[in-house]
Amino acid sequence: MDIKLDPSRDDLPLMANTSHILVKHYVLDLDVDFESQIIEGTIVLFFESGNRFEKQRGSTEETCRSESNEACRFRTPEPCHSPVTDTRTFSSKTGYNDFANCGRGEKDTSSKDGNHGNPEQASGISSAKYRCDTGSHGSEDFLLVLDCCDLSVLKVEEVDVAAVPGIEKFTRSPRLTVVSEELRNQIVHELVTLPAARWREQLDYYAGCSQAPGCGELLFDTDTWSLQIRKTGAQTATDFPHAIRIWYSTKPQGRSVTWTSDQSGRPCVYTMGSPINNRALFPCQEPPVAMSTWQATVRAAASFVVLMSGENSAKPTQLREGYASWHYYVTMPMPASTFTVAVGSWTEMKPETCLSEDLAAERSLSPSEADFRYVGICGHTEYPCRFQNPSATTQEIIPHRVFAPVCLRGACQETLLQLVPPCLSAAHSVLGTHPFSRLDILIVPANFPSLGMARPNKEKTGHVSDSGSSVIKHGLNPEKVFMQVHYLKGYFLLRFLAQRLGDDTYFAFLRKFVHTFHGQLILSQDFLQMLLENIPEEKRLELSVENIFRDWLESSGIPQPLQRERQAGAECGLARQVSVEVEKWIRVNRRPRKRKRREAEEVFEKLLPDQLVLLLEHLLEQKTLNPRTLQSLERTYHLPQQDAEVRHRWCELIVKHKYTKAYKDVERFLQEDQAMGVYLYGELMLSEDARQQQVARRCFELTRERMDRSSAEVVAEMLF
């Protein structure tokens with residue numbers, strides 16, 4: 001099953017067999033170690049299979065390929081016993097503590113593909129050819145396939161959920177006397193299908209099950225892109241254990257998280273929108289169709305703050321001296337790629353003054369307060385939905401926290417904290433109910449790959465097999481994250497539709513669209529089809545889904561409507577003002593060094609940031625700008641203090657005209673705005689100027705260890 005791809009250039013495989021079995025909930029219990037740059041612990045997965053998976057019987061048969069013709073050998077686990085457990089004597093501490101004393105701090109002996117070199121620990125399929133059944137037919141064992149990369153998997157075991165106190169309420173028996181696989185799976189089924197109103201009880205039982213003892217190790221193997229698990233004798237997804245625990249650790253070179261330093265020079269680690277998403281953080285089902293909930297406990301040194309994409313506003317719980325734990329959860333099913341974590345020495349930034357009405361507007365509404373009087377019929381799977389809570393639907397400003405390195409306290413106080421409430425209010429006025437009950441905002445380090453947040457979706461995958469596996473075309477190409485044409489065309493398409501329909505019609509549609517499709521996976525076709533169905537006939541003007549796809553999504557270059565808008569935009573007031581200023585700068589640049597005394601000084605108008613970007617782009621078209629003109633530009637508009645978009649154009653002017661006095665601005669940009677600086681590296685090298693190439697190489701040497709991996713690969717190709 002191991003797929004050999006060039007990890008820097010090729011397509012990205014999604015290996016999970018989601019057509020046969022789905023993860024419904026993850027429980028993570030992790031420790032973060034900055035000294036070794038490893039995250040380790042356990043993850044418990046709760047599955048659901050059903051008739052629609054059983055219908056796959058006989059339809060899928062896959063062959064695990066390798067270089068040898070030997071028979072495939074899974075390691076036989078230690079003999080396992082599943083005694084009946086008296087739930088009255090069960091301790092919730094059982095399970096995790098059993099592992100706490102083994103494997104911690106030991107040297108990672110795994111090979112590059114994740115298998116262990118020690119034959120006593122290895123579970124590997126070694127150079128073998130094995131006919132493995134990822135479906136549910138014949139006499140072979142069912143094979144669970146999870147997406148996994150750059151992880152050291154230590155052990156996989158079935159969880160004895162029947163040992164949890166009170167769990168008998170999920171069975172037909174008042175007392176559990178005989179525990180079978182079927183009974184355990186029945187318990188999990190009842191647990192994952194609890195009504196939304198019982199969400200807190202459900203989370204409590206998930207936590208209890210995650211700490212329950214194991215009842216037998218499972219056979220497993222890892223290859224480059226997957227973790228494969230089976231249980232002898234379990235021939236179908238229905239027979240396979242529906243609650244399993246995986247003991248694992250990440251690797252320092254894993255590509256799902258970045259270990260780096262923040263703007264204050266303190267260590268931190270965070271998920272950064274990797275092309276491989278979270279499969280190097282925990283084994284999971286990557287395809288977006290695998291919508292699941294999760295809860296996580298993360299332990300770190302007490303000096304660190306742990307932030308996650310959870311629904312609750314977590315606070316630290318002090319553990320042994322010098323350590324603390326943080327617990328987050330979500331009740332809204334989402335793809336595993338949306339799971340985020342950041343650990344660092346962040347400081348919560350709070351406004352110096354807070355108005356009482358703001359506090360009232362931001363009062364947290366937890367799902368437990370939800371008044372589930374159905375305002376409308378939701379199309380998603382059942383969960384504690386805020387759209388069904390009348391109080392939540394009118395909440396313009398949700399509770400929010402802002403975290404940043406302490407060195408940015410001043411900037412946060414002056415600018416960011418004041419912007420968040422009006423932005424949240426504006427989002428509510430345009431789109432309606434906030435889908436989440438709260439928000440954490442983190443000022444990320446300079447190496448955050450801000451251009452690389454694209455996530456896999458159905459449109460970008462290739463052929464989907466019967467098992468549910470597929471491939472994201474060019475998903476691992478490091479240059480892909482810097483190609484923004486699809487984002488730009490999408491933005492201008494939305495602008496075109498808004499102008500064609502009028503703001504009132506367009507924004508009313510957006511609000512209706514969000515209300516209709518919240519909590520669901522949607523495609524571009526869904527959006528466009530609903531749009532055309534909800535606008536008056538006279539405003540369609542030959543618009544159709546087919547025409548929009550042809551002109552905007554499937555054709556290269558600038559669409560005709562956008563070209564016409566571009567021409568019209570050049571005539572608007574703000575653009576005309578920029579054109580006047582450009583002419584002034586051209587005149588200044590043409591003046592001789594010694595001017596006549598009668599010549600009046602040019603008076604330049606104050607420009608908005610977007611106007612400054614346009615001004616500098618026009619000046620970039622000039623063949624030559626002398627140093628005096630560039631110096632005057634810098635002083636007139638205070639260019640080194642402007643935002644990144646303006647400074648990027650300023651740096652382009654510096655490089656094009658070899659304005660050596662401002663090379664320090666280029667160096668600062670390359671180090672502080674790393675994702676946006678990739679293009680500048682190319683300009684510096686193409687100039688064939690020795691000093692500029694020296695600037696590029698020096699900045700790269702200073703930042704390469706902290707740079708996003710894709711950015712570093714692209715820049716290295718330019719420089720060497």
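Gln413 is buried, with a relative accessible area of 18%. Buried means under 20% relative accessible area, exposed means over 50%, and partly exposed lies in between, using a 1.4 Å probe and protein chains only. This is a predicted model, where local features need pLDDT of at least 70, side-chain atom pairs count only at pLDDT 80 or more, and totals for chains, interfaces and linings use all residues. Residues are numbered from 1 along each chain as its sequence is written, and side-chain values use heavy atoms, with hydrogens and water left out.

Stay with Gln413. It sits in helix α7, residues 409-431. Helices (H or I, at least four residues) and strands (E, at least two) are DSSP runs, numbered from the N terminus. What does Gln413 touch, not counting residues up to four places away in sequence? The answer is Lys350, Pro351, Glu352 and Gln418. Contact here means heavy atoms within 4.5 Å. Met349 is 64 residues from Gln413 along the chain, and their C-alpha atoms are separated by 7.3 Å.

Now step back to the whole protein. It has 21 helices and 23 strands. Of its 720 residues, 51% are buried. Take the contacts between residues at least 6 apart in sequence: 75% of them join residues at least 24 apart. The protein exposes about 35,100 Å², and carbon and sulfur atoms supply 52% of that area. Accessible areas come from the Shrake-Rupley method with a 1.4 Å probe; for residues, only the protein chains shown count as cover.

Next, a strand. Thr271 belongs to β14, residues 267-271. Is Thr271 buried or exposed? Thr271 counts as buried, because its relative accessibility is 12%. Leaving aside residues up to four places away in sequence, Thr271 touches Ser256, Val257, Asn278, Leu281, Phe339, Thr340, Val341 and Phe448.

Two helix pairs come next. Helix α14 covers residues 573-590, and helix α15 covers residues 609-620. Their axes come within 9 Å and cross at roughly 45°. So α14 is oblique to α15. Axes are lines fitted to C-alpha atoms, for helices over the stretch in contact, and angles run from 0 to 180 degrees between N-to-C directions. Angles under 35 degrees count as roughly parallel, over 145 as roughly antiparallel, 65 to 115 as roughly perpendicular, and the rest as oblique. The crossing of α14 and α15 is right-handed. A crossing is right-handed if the near helix is turned clockwise from the far one by less than a right angle, and left-handed if anticlockwise. From α14, the residues in contact include Leu574, Val578 and Trp585; from α15, they include Leu614 and His618. By class, this contact of α14 with α15 has 8 nonpolar, 3 polar and 1 charged residues. Ala, Val, Leu, Ile, Met, Phe, Trp, Tyr, Cys and Pro count as nonpolar, Asp, Glu, Lys and Arg as charged, and the others, Gly among them, as polar.

The second pair is α20 (residues 690-703) and α21 (residues 709-719). Their axes come within 11 Å and cross at roughly 145°. This crossing is left-handed. Ala696, Arg697 and Phe700 in α20 meet Ala712, Val715, Ala716 and Leu719 in α21. The contact of α20 with α21 has 6 nonpolar, no polar and 1 charged residues.

Finally, look at two loops. Asp150 lies between β7 (143-147) and β8 (151-159). Its phi is near 60°, a positive value in a residue other than glycine. Asp150 counts as buried, at 17% relative accessibility. Lys658 lies in the loop between α17 (644-656) and α18 (663-672). Lys658 is not a glycine, yet it has a positive phi of about 50°. At 39% relative accessibility, Lys658 counts as partly exposed.
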